[in-house]
Amino acid sequence: MRPAYFVSTAILVASLAAGSPALAGDANAVAAVKEVFETGVAALNEGNLDGFLDTVHDEALSFYACGPTSGKQGREACALDWRLFFNSTTNARFETRNEEYRIIGDTGIAYGEYSLSVNYDGQGRQTVHEGRYTMTYTRVGDEWRIAMQHNTPVGDSPQPVRELARGAR
């Protein structure tokens, strides 16, 4: 009886280690979404707008509580938001914490909290914004692309980026 117990236990452990195909697929998809999210964040922190836009779907939506093109559809609206941001700021750094990732079918979600440290129009001092982000991805072939991004700052104070839209007109 004891050898049968060990054999059963070994088979159970081996099958759990191998994982079911669905669970293994979800783990791979989560890892892929995490990688594309981290790639996009790294590109933004390097000031590499094209590198970030490479992660954005052509029909993506962009919702920023402070962005001039918030709610507009398409990769170009997203690009306009980020161009205005990069043209009016220096030393921007986007840091995340409490990151979470989920897969639901062909939808991937990255969400958590952020802090954005930035110097607006060369003011000589860094301003820090904090809030929450949600990036929703869709699978396009073997790749994940941002379908919607939503950043919500914490607090009630107005965000300086609103002024970018007025200054850009």
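This is a short walk through one predicted model, from the overall fold down to single residues.

Let's start with the whole chain. There are 5 helices and 5 strands. Reading from the N terminus, the order is α-α-α-β-α-β-β-β-β-α. The chain has 169 residues, and 36% of them count as buried. Now contacts. Take those with a separation of 6 or more: residues 24 or more positions apart account for 50% of them.

Next, the aromatics. How many aromatic pairs does the structure hold? There are 4. I'll show two of them.

First up, F37 and Y101. Their ring centres are 6.1 Å apart and the planes sit at 70°, so this pair is edge-to-face. F37 is in helix α2, residues 21-45, and Y101 is in strand β2, so the pair ties together parts 64 residues apart in sequence. Are these two buried or exposed? F37 is buried, at 3% relative accessibility. Y101 is buried too, at 13%.

Now F94 and Y133. This aromatic pair is also edge-to-face, with 6.3 Å centre to centre and 65° between the planes. F94 lies in strand β2 and Y133 in strand β4, so here the linked parts are 39 residues apart in sequence. F94 has a relative accessible area of 13%, which is buried. Y133 is buried as well, at 1%.

F37, F94, Y101, Y114 and Y133 form one aromatic cluster.

On to the strands. β4 covers residues 127-140 and β5 covers residues 143-153. They pair in the antiparallel sense, over 10 bridges. Within that pairing, Y137 stands opposite I146 in β5. The hairpin has 2 residues between the strands. Look at G141 there: G141 takes a positive phi near 65°.

Two more residues, and then I'm done.

N119 sits in strand β3, residues 107-120. N119 counts as buried, because its relative accessibility is 7% and the cut-off is under 20%. What does N119 touch, leaving aside residues up to four places away in sequence? The list is S88, T89, T90, G124, R125 and Q126.

Last, I104. This one is in strand β2, residues 89-104. I104 is exposed, because its relative accessible area is 57% and exposed means over 50%. I104 and A29 are 75 residues apart in sequence, yet 9.8 Å apart in space, C-alpha to C-alpha.

That's the tour. Over to you.

Methods:
Residues numbered from 1 in each chain as written. Predicted model: local features only at pLDDT ≥ 70, side-chain atom pairs only at ≥ 80, totals over all residues. Heavy atoms only, no water. Helix = DSSP H or I, 4+ residues; strand = E, 2+ residues; numbered from the N terminus. Buried < 20%, exposed > 50% of the residue type's maximum accessible area, 1.4 Å probe, protein only. Pairing = 2+ DSSP bridges. Contact = heavy atoms within 4.5 Å. Phe/Tyr/Trp six-rings, centres within 6.5 Å; stacked < 30°, edge-to-face > 60°.
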